[in-house]
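Have the model open as you read.

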Amino acid sequence: MRAALSRLRVVREPNLAMTARALEESAEGPRPLVPMAGGTDLFVYLNAGALPEQDYLDLWHLDELRGVIDTPGGVRIHALETFANLRRDPLVKRRYPALAEASSWVGARQIQNRATIAGNIANGSPAGDSLPVLLALDARIRLVRFSAPRDVGFDTFYTGYRTSVRHPSELIHSILLPWPLPGTRQYFRKVGTRLAQAISKVVIATTITVQKGRVTRARIALGSVAATVVRVPSAEDALLGEKLTPAAASEAARRLRESIHPIDDIRSTAAHRLRVAGRLVELAVADALR
Amino acid sequence: MGEEILVSLKVNGQERALAVKPNTTLQDLVRWHLDLTGTKKGCEMGECGACTVLMDGRPVNSCMVLAVAASGSEVTTIEGLSVNGDLHPLQKAFVKHGALQCGFCTPGMILSAKALIDSKADPTEEDIRQVLGGNLCRCAAYPRIVKAILSWKEFEGVPLDTRPHTPEERDQERDHAVVGHGVTRYDGPDKVSGRARYTSDIRLPGMIFGKILCSPHAHALIRSIDTTGAKKLPGVLAVITGADVPETRYGVSPARYDEHVLAKERVRYVGDEVAAVAAVDVETAERALRLIQVEYEVLPAVFDAEEALKPGAPLIHPEDPRYAGNVNTRVEWNFGDVDKGFAEADLVREERFVGSRTYQAPIEPHASLARWEHHGPKLTLWSATQTPHYLQQMVARTLDIPVGSIRVIKPAVGGGFGVKAETTPLDLCAVILARMTGRPVMMKYSRREMFYHFRGRHKQIMDLKIGLKRDGSITAVQSRIVLDGGAYTSYGVITAYYAGSMIPTLYKIPHYKYDGLRMYTNLPACGAFRGHGVPQPRFAFESLLDMMAEDLGLDPFDVRIRNAMTPGTRTCNALDISSCEFGATLERAREASGWAQKKGRLPRGKGIGVGCGGFVSGAGYPIYRSDFPHSNAMLRVHESGQAVTLHIAAADIGQGSDTVLPQIAAEELGIPYDRVWMAACDSTLSPVDLGSYSSRVTLMGGNAVKMAATDVKNKLLRVAGRRLGCDPAALTCRDGRIFVKEHPSVGIDWAEVAAAAFSEGGPVVGTGSYRPPTTLGGDFKGGTVGTSPAYSFSTFVCEVSVDLETGFVTVDRCVDFSDAGTVVNPVTFHGQVEGGVIMGIGETLLEDVVHRADGTIANPNLHDYLIPSIRETPEIISVAVESFEPRGPFGAKEIGEGCLVPILGAIANAVYDACGVRVKELPITPEKILKGLQLQAAGRVAARVEG
């Protein structure tokens, strides 16, 4: 019935450079290494027998991949930052309250102490709690390989269900969150089946920038409604140039319901997700009015 | 599998260097390399939190951390919390507040709490709820866990046993010295410290491990099995298939033994057992399973009880003509004349309600350990069981072993709720494999395997019809229930009867008709689950009663009070109601809940609802024909006179019988509770007790214990009478003294008398036994099911919030008034009620095992099958009403199961009050509510909607 941990093999290299080299070398071979950080997603799939036999590359000990750093372009969050840290980090709490909030909704405390932001990104579940926030915040992902780093906008990171532009030879190094514009309100809400430790039915993150009473920039990002986390440009456009009125909000909600196509699964139904997603947009707008 | 790696870390303050495999988890490191078995294995997916340890002071799930990743860190397990034998104040607080039942989640819970108080010494209730969201407790001791953590500082520097018990929890006026007091749980200190050993914590020399291969098909014939590859794998010691097991079928009800230890030729559900392997370790056993090649001929399958009934449906047990048409059990009961009753009614309404397949989901997985002794041959079987006696009988019968050669030991059990009340393939395969290999064999289910083994709640499709007079009097009830039983019988015959028999116990029903049909389907078998068969029909009944009260413009309480059961009644289906304070529970719950101010008057989105329930205090008849008394006890007074040992086979699975039974012994003997030792649940030490099912232990075990204590007491009073020069009949015992009733100052030390009695005549032993009255029940087929010496009654009122945006329901606060007779221990009593309420909330709002079109389970884990967490815990006020049951020990009856029964209907009624959506299909999900709300908003239906 069950494939066990007996399939697990782990490789550990002493530092980032050697880790990156091991990854790059294995990518060419028959058994590419799979990077592993806190392991909180991986163990779920391993125990469910849902993973093929493969070898893992342990990253947990690589302190080079830790730290939340203030830079001129924004805040750089390194790959192995755990959600427990992000939930409490003063800089994150002040500048990206939606990310701090989302971090507090990831799993439970035991999970938050192990789960990392890069793990959430690399795992690529459309239900990943932090991912809509990263989308709404215009995050950029730094990928590294032994030979060269590159930066990718998070809005172009995923190519499909649990697939991304990350090459097997690349590691997620860090995430850059640009400074929020003045007048920006961030919103996050997770709707799950249970209050503690539940995978979402719908998760939303928005950033709405208002200058001189009109919306100048809007990001509406959703999780658990498509194969990847998604932004909904048509709904964002509905708000642009508008005052934050219930009419604008319901127009955004209407367009959102037209542009997303969620599915039925064990956690909810497509119809329910559509209804709730629309209402969440309206609630996000109402929140921005405060 | 790669070379071993050296890991150095500090565990509980000690430096350790260990060679482990790269894939060894931190959990296995502490459990197997260091034998720190307080760290429990509950789900292996980071969901239950039972394996929580502190890593550098922070809680982590040790099942998800590789041992190599813990290298260099400081790890604290539960064993590291007590210092020089003194429990940590937090551990003492847990014991004193009754913040644990089965204890399996307790170490993880306490460690999460420890991390909290280390960062914030005075946490708020909200902090606690936030931090403990990742520690699931299926007994749902959550309210007491919160209290314990809030008060932890009070226990600093205080020895455990000197703190006063909690008199504020006493609801009833009784003059007892021990009964009615919230004494410390007998098993509490061991469970908070990680000392309690559950079956999978036992380590024996030479122990090997077994695993079972399960069918991937819902219905198929086995064409061939090739075990050659598995047998060749190094480390494999035995492989067995259907060809190696007896022809004898086993099960629960003698009329329907329908399971082979391993499938002989046909598999009937995904998960049906096909082969088993014993190997030097679990990894090797699992690898061997993958090498077994089974050729199947796949057959059409049926997954729906009503479909299974249709002509032409695939036959699941074609070999037995009794099961033609896939009907496993048919009940046809007709009491009185329902047509006449409905004709007399002013309102008749019939509605269909549908329940869900819910799973007991104890945090401890099933486990068995078998060892054949070299002398004899004799077998010792350790098992996570609720029913050691039935297990012993069934192993003997199925494997043709003399019952006298089998010793069954029940170690600590981490919750059961019915799922551990039957013999499992683990038990039987472990015995066979141990005999073949000559080694002790440990077998245990993974969380996923538990879901496939199942034996959870039957999904019931219920067509219920009630007739009411204008004043609310019930004139007739008709119920037709189709139960989805899955592929085997398990407890299902009894379930089908219970679903009908318990309806007339709560309200007076003059005419009653019940047609029950339990169907075989190609799904995992359903069994007995807390409130056996009753919660769903009661949900239907309480819902329909409210709907009809509204039709008639009556208050739901008035309708219930008008029909409420009264003491000394024989119901229409010939059940004898002894004590009954149901009316009092209704009146007091109505008052305490503020019903008059709230019903129909709360703002939209807020609602209040009532539901009622009750259950048997032990089944009137055993599962198999047997003349043994149902409960038996022996009390041995130690030669010192300073202590007694209670020998009883009652199975404490967390409900607290190892505490309540010695309380009853101590009360009757007149000695303090802490002088009683327990020798429970080892068949070589304790005489037969039928086990922990049908809420039977307090009444039946209690009566046996009380009788044994009376026996001892009479012997001692004779000795004391001689010493004091008075008639033994003039004497009594209390608080460790024997004295003259009329002159309490004239007396003698109990221990002194007991030692003298031993010196005079050798061991002082008392015995007691209990069997229910043999006159119970009517003379009709199935008339025994539902009989009991006594019944519990309760009224439950809850307030809910419905989020009108998302349909999300929160139960905010509730009151429960229960008539359970005399409360023997208020701490365990209210713990049971609170746990039942929370489990009921889960069953109503969250839980449903979902099957895919191929019969596989879509949510066979605690990740997708969600049970209530501490965050779902409402404010619960639990009150025991004044009541005395003449057939119970000191007036006691049951609480453990009846407390769950009223919850489902009450929440459904409260949701309707909050938003006008009536959901008749469990669970009441946000999806169903929002759909109802949308229909409402569209004006397509009236303000009140049925979903």
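## Aromatic pairs and a helix crossing

Phe780(B) counts as partly exposed, at 26% relative accessibility (partly exposed lies between buried, under 20% relative accessible area, and exposed, over 50%, with a 1.4 Å probe and protein chains only). Phe335(B), by contrast, is buried at 10%.

This is a predicted model, in which local features need pLDDT of at least 70 and side-chain atom pairs pLDDT 80 or more, while totals for chains, interfaces and linings use all residues. Residues are numbered from 1 along each chain, chains are lettered from A and ligands numbered from 1 as written, and side-chain values use heavy atoms, without hydrogens and water.

Over all chains there are 24 aromatic pairs (ring centres within 6.5 Å, using the six-membered ring of Trp; planes under 30 degrees apart are stacked, over 60 edge-to-face, the rest tilted). Here are two of them:

| Pair | Centre to centre | Angle between planes | Type |
|---|---|---|---|
| Phe157(A) and Tyr158(A) | 5.1 Å | 85 degrees | edge-to-face |
| Phe335(B) and Phe780(B) | 5.0 Å | 65 degrees | edge-to-face |

Phe335(B) sits in strand β12 and Phe780(B) in the loop between β30 and β31, so their pair ties together parts 445 residues apart in sequence (strands are DSSP runs of E, at least two residues; helices are H or I, at least four). Both belong to one aromatic cluster, along with Trp333(B), Tyr497(B), Tyr512(B) and Tyr514(B). In chain A, Phe157(A) and Tyr158(A) are both buried.

Now to the helices: α15 (residues 535-552) and α16 (residues 556-563) of chain B pack at about 115 degrees, with axes 9 Å apart (axes are fitted to C-alpha atoms over the stretch in contact, and angles run from 0 to 180 degrees between N-to-C directions). That makes α15(B) roughly perpendicular to α16(B) (65 to 115 degrees).

Methods: Angles under 35 degrees count as roughly parallel, over 145 as roughly antiparallel, 65 to 115 as roughly perpendicular and the rest as oblique.
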